[in-house]
Amino acid sequence: MNLSEKKLVIPGELIAEGRMKLGSHVFVENGKIYSDALGLFYENNEIASVVALKGRYIPRRGDLIVGIVNSEKFSGYTVDVNTINTSYISKDAVRDRLQRGVVFSAKINEVDELGEARLDDVRVFYGGEIFSITPVKVPRLIGKSGSMLNQLKDETGCNIMVGRNGWIWAKGGDTKLFAKALNLIEEESHKSNLTNKVGEFLKKNKVKK
Amino acid sequence: MAKKDEKIDYVKNGKRVDGRKVEELRPLTIEVGVIDNADGSAYLEWGQNKVIVAVYGPRELLPKHKQDPRKAIVNFQYRMATFSVPDRKNPRPARREIEISKVCSEALQRAVFAERFPNTVIDVFVQILDSNAGSRAAGLSAASVALADAGIPMRDLVASTGVGKAGGEIILDLNKFEEDAPDAVDIPIAIMPRTEEIVLLQMDGLLTTKEWKKCLELGVKGCKQVYEVQRAALQKKYDAAGAVKGKEKKKEEKAAKKEKVK
């Protein structure tokens with residue numbers, strides 16, 4: 001796919017007429033396909049889909065996310081995972097008792113009709129820092145087959161865990177440099193050739209030992 | 001304000017008091033993403049009107065009894081700054097502000113895919129910093145841009161303008177002087193330009209059927225002009241960073257390069 005064929009669309013803009021496979025951020029009205037968000041539309045693609053430039057994280061089953069424990073209930077924990085509603089971890093899913101403020105990664109097991117998620121496969125993190133990025137930009141942070149993430153890990157020396165909800169846990173290494181690189185990705189995620197740009201930035205700003 | 005016995009030509013030789021044509025808007029500029037901590041924001045200047053809008057959400061609505069399990073609620077809050085009018089305005093939300101908040105909420109509710117976010121609220125805070133007639137149209141137009149900037153799924157943008165009558169002439173986008181004419185009629189109108197669906201329509205004054213039809217036609221025309229400015233503002237935010245190069249832009253660049261070589 002040629003990257004130059006992307007087009008910036010605004011909500012309600014016509015992107016295709018006739019039958020097509022529907023992707024994300026589109027809707028059909030009177031047989032025509034329109035964008036429902038401010039985003040990028042790739043022309044000459046078989047699927048009518050818009051990549052939104054901003055937006056909140058909508059939980060999906062199977063997503064790996066990073067969260068913080070909010071409070072303990074009788075049979076589980078309510079947790080904040082950067083979604084609209086608070087999510088829930090059953091006490092059956094965790095071996096040890098969780099304290100308020102504990103950072104963890106988990107997999108979304110189930111999402112109900114209100115968008116509240118139930119989590120599973122909980123792994124608790126000790127120490128480290130949490131960073132955040134706009135959830136729609138997470139695929140750019142990871143890169144094609146993890147290229148961007150591997151580069152970040154190599155150059156900063158951090159242990160990094162990226163949640164699909166836009167929260168990132170990092171520990172060890174140069175976390176300050178990682179935060180700066182994250183800012184760069186946030187600002188320029190809609191441009192092409194991002195991995196090389198970030199690579200150059202990391203090499204330039206790396207503290208020599 | 002004009003005295004009762006004084007006769008003013010609100011339109012003379014096709015030009016209005018401030019030099020505009022009958023179907024001309026006041027100068028309109030919109031800037032997107034002006035507030036860092038908001039999910040979406042916009043700043044609008046429309047003639048003397050100055051409006052700043054912040055959008056937060058969708059987020060959980062509290063207290064819980066206000067939640068609607070079928071949809072998100074658009075909470076539009078229109079507030080005028082104390083210094084936005086010649087005499088100091090009491091900061092307490094007045095009857096007028098509460099009414100405008102209500103009608104604008106309903107206008108945006110129609111445009112947003114609210115059913116995708118049950119039990120939530122989308123907060124839209126509109127602060128009028130300076131006003132000179134048509135501030136609800138300004139607030140609503142800016143709010144719809146800020147909603148798009150926040151990444152909230154919408155059917156279309158909402159474009160709004162004022163239209164009406166002054167001195168017997170049907171004119172677009174009345175300013176304060178024209179609004180104070182003895183026979184003035186003021187109609188704020190908001191549409192979703194793609195379908196031309198009317199989402200807000202109010203009227204103050206009296207019109208004949210013929211005049212009304214002319215007003216509506218002119219109003220829709222005006223809203224479409226506003227829509228073009230809204231679209232340009234949203235595109236500018238990402239184009240300014242050299243972000244998106246459509247086919248046409250690339251072609252233009254290539255042509256420019258070729259010319260340089262020649």
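**Close-up views of a predicted two-chain model**

Figure 1. Leaving aside residues up to four places away in sequence, A143(B) touches V53(B), F76(B), C104(B), L108(B), V124(B) and V126(B). A143(B) is also one of the residues with the most contacts inside the largest nonpolar core, together with V53(B), L108(B), V124(B), A146(B) and L147(B). This core numbers 89 residues. The element that gives the most to it is helix 2 of chain B, with nine residues. Another core, of 34 residues, lies apart from it and includes V66(A), V138(A), I168(A) and W169(A).

**Figure 2. Helix 1 of chain B, residues 95–111.** At 1.5 Å a residue, the 17 residues of this helix should span 24 Å, and the 25 Å between its end C-alpha atoms agrees with that expectation. Buried positions in helix 1 of chain B are I100(B), S101(B), C104(B), A107(B), L108(B) and A111(B). They lie on the same side of the helix, because they cover an arc of only 135° around the axis. An α-helix has 3.6 residues a turn, so residues three or four places apart point the same way. On the other side of helix 1 of chain B, the residues R95(B), I98(B) and K102(B) are exposed.

**Figure 3. Packing partners of helix 1 of chain B.** Strand 6 (73–80) and strand 7 (120–130) of chain B are among the partners. Helix 2 (135–149) of chain B is another. Strand 10 (185–192) and strand 11 (197–201) of chain B also take part in this packing.

**Figure 4. The contact between chain B and chain A.** Chain B provides 28 residues to the contact, and chain A provides 23 residues. On the side of chain B that touches chain A, two or more residues come from each of strand 5 (49–60), helix 2, helix 4 (209–239) and helix 5 (247–261) of chain B. Helix 4 of chain B supplies the largest share of that side, four residues. Sorted by class, the side of chain B that touches chain A holds 13 nonpolar, five polar and 10 charged residues.

**Figure 5. K176(A) in helix 3 of chain A.** This helix comprises residues 175–188 of chain A. K176(A) is exposed, because 12 other C-beta atoms lie within 10 Å, and a residue with 12 or fewer counts as exposed. K176(A) and T156(A) are 20 residues apart in sequence, and their C-alpha atoms are 8.9 Å apart in space.

**Figure 6. Domains and extent of chain A.** Chain A is divided into domain 1 (3–52), domain 2 (64–125) and domain 3 (129–205). Taken over C-alpha atoms, the centres of domain 1 of chain A and domain 2 of chain A are separated by 34 Å. The C-alpha trace of chain A spans about 55 × 50 × 20 Å along its principal axes. Four helices and 16 strands make up the secondary structure of chain A. Of the 209 residues in chain A, 38% are buried.

**Figure 7. Overall make-up of chain B.** Chain B contains five helices and 11 strands. Of its 262 residues, 43% count as buried. Among contacts in chain B between residues at least 6 apart in sequence, 70% join residues at least 24 apart.

Technical notes:
Residues numbered from 1 in each chain as written. Chains lettered and ligands numbered in written order. Predicted model: local features only at pLDDT ≥ 70, side-chain atom pairs only at ≥ 80, totals over all residues. Buried ≥ 20, exposed ≤ 12 C-beta atoms within 10 Å, placed from the backbone. Contact = placed C-beta atoms within 7 Å. Domains from an automatic or database assignment. Expected span 1.5 Å × (residues − 1). Arc of directions from axis to C-beta. Nonpolar A, V, L, I, M, F, W, Y, C, P; charged D, E, K, R; others polar. Core = buried A, V, L, I, M, F, W, Y, C linked by C-beta atoms within 7 Å.
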